[in-house]
Amino acid sequence: SDALKPNLVQTLEGVPALIHGGPFANIAHGCNSVVATRTALHLADWVITEAGFGFDLGAEKFFDIKCRNAQLDPSLVVLVATIRALKMHGGRKKTELAKPDSSSVKAGLPNLEKHIESIGHFEKPTVVVLNRFGTDTEEEIDIVRQRCAELGIVFATSDHHAHGGEGAMEFAKIVVENASKPTSRFKPLYDLSQPVKDKILTVAKKMYGASHVIYSKVAERDIADIERLGYSDLPVCIAKTQSS
């Protein structure tokens with residue numbers, strides 16, 4: 001019975017946090033429990049929750065599985081980015097990410113753009129926040145800021161890596177301002193009544209950019225069993241490796 005209760009912990013600055021379940025979206029839904037989220041919503045005016053890994057993996061499941069099942073409706077999506085990650089997506093080696101390189105940041109922007117596109121399928125407002133590191137240059141940050149402006153996406157920076165909560169105040173005010181605006185209810189990616197293969201194809205296309213899905217004989221048998229046992233009206237939870 002104790003395992004069903006969320007764990008109340010606190011940050012280094014005394015902010016309460018509920019930990020219940022993990023963000024392992026490669027094998028599970030990648031979110032904390034519904035119990036923890038509802039508890040937090042009863043206790044605070046503002047609740048921030050994490051959906052594990054990239055938006056394509058954790059946040060898709062957060063919306064299509066958790067929010068749909070629990071009747072939750074987030075006010076805003078905060079998409080966290082770093083200059084270091086954009087450089088890596090732009091072709092720089094991990095050992096070279098601390099070196100200034102505006103061209104690699106530009107080359108890595110399509111990764112950020114795809115996540116923004118994926119958020120758009122759920123029809124929720126977005127704030128892109130750049131988690132600043134000491135090695136980031138203003139020129140590199142301006143590249144991301146300018147691209148977000150071109151896409152009509154709210155952009156903010158947060159310096160909590162170096163300065164803790166004080167370094168995130170400007171970002172927090174931007175989130176509060178944009179999350180306070182009225183929005184329509186989120187739109188799931190697929191209907192639960194769709195065939196299992198249609199749901200899988202929808203996620204594969206809209207989240208991962210796939211053109212089609214190929215099934216092994218084992219997968220075909222598994223899907224047939226799912227349909228035979230009457231589970232085809234459930235949402236799909238796609239497992240993947242970090243190399244997919």
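Helices (H or I, at least four residues) and strands (E, at least two) are DSSP runs, numbered from the N terminus.

**Entry 1: ground rules.** I am working on a predicted model, where local features need pLDDT of at least 70, side-chain atom pairs count only at pLDDT 80 or more, and totals for chains, interfaces and linings use all residues. Residues are numbered from 1 along each chain as its sequence is written, and side-chain values use heavy atoms, with hydrogens and water left out.

**Entry 2: Ser118.** I looked up Ser118 and found it in helix H4. Is Ser118 buried or exposed? Ser118 is buried, because its relative accessible area is 1%. My cut-offs: buried means under 20% relative accessible area, exposed over 50%, partly exposed in between (1.4 Å probe, protein chains only). Next I listed its contacts (heavy atoms within 4.5 Å). Leaving aside neighbours within four places in sequence, Ser118 meets Phe55, Lys206 and Met207.

**Entry 3: the cores.** I then searched for nonpolar cores, each a set of buried Ala, Val, Leu, Ile, Met, Phe, Trp, Tyr and Cys residues joined through side-chain atoms within 4.5 Å. The largest one holds 36 residues. Phe55, Phe63, Leu112, Val128 and Val144 have the most contacts inside it. At least two residues of this core come from each of H2 (55-70), S3 (77-81), H3 (83-89), H4 (102-120), S4 (126-131), H5 (138-151) and H8 (196-206). H2 gives the most, with six residues. I checked Phe63 by itself. Not counting residues up to four places away in sequence, Phe63 touches Phe55, Arg68, Pro74, Val77, Phe122, Lys124 and Phe186. There is also a second, separate core of nine residues, including Val127, Val129, Ala168 and Ala179. As background, nonpolar side chains tend to be buried together in soluble globular proteins.

**Entry 4: strand S4.** Why do I call S4 largely enclosed by the rest of the structure? Six of its six residues are buried, so the description holds. Both faces are covered. Thr126, Val128 and Leu130 are buried on one side, and Val127, Val129 and Asn131 on the other. I looked at pairing next (two strands pair if DSSP finds at least two bridges between them). S3 and S4 run parallel and are joined by five bridges. Leu79 has Val128 in S4 as its bridge partner. S4 also runs parallel to S5 (residues 154-158), again with five bridges. Here Val128 stands opposite Phe155 in S5. S4, H5 and S5 make a right-handed β-α-β unit. Right-handed means that, with the strands pointing away from the viewer, the path from the first strand over the helix to the second runs clockwise.

**Entry 5: cysteines.** How many disulfides does a search of the whole structure find? It finds zero. My criterion was a pair of cysteine sulfur atoms within 2.5 Å. The sulfur of Cys31 has its closest cysteine sulfur in Cys67, 7.3 Å away, too far for a bond. Cys31 is buried, at 2% relative accessible area. For Cys237 the closest cysteine sulfur is in Cys31, at 8.9 Å, also too far for a bond. Cys237 counts as partly exposed, at 39% relative accessibility.

**Entry 6: the whole chain.** I counted nine helices and five strands. The radius of gyration, taken over C-alpha atoms, is 19 Å, close to the 18 Å that the globule rule gives for 244 residues, so the chain is as compact as a globular protein of that length. The rule is 2.2 Å times the number of residues to the power 0.38. Along the principal axes, the C-alpha atoms fill a box of roughly 60 × 40 × 35 Å. Buried residues make up 35% of the 244.
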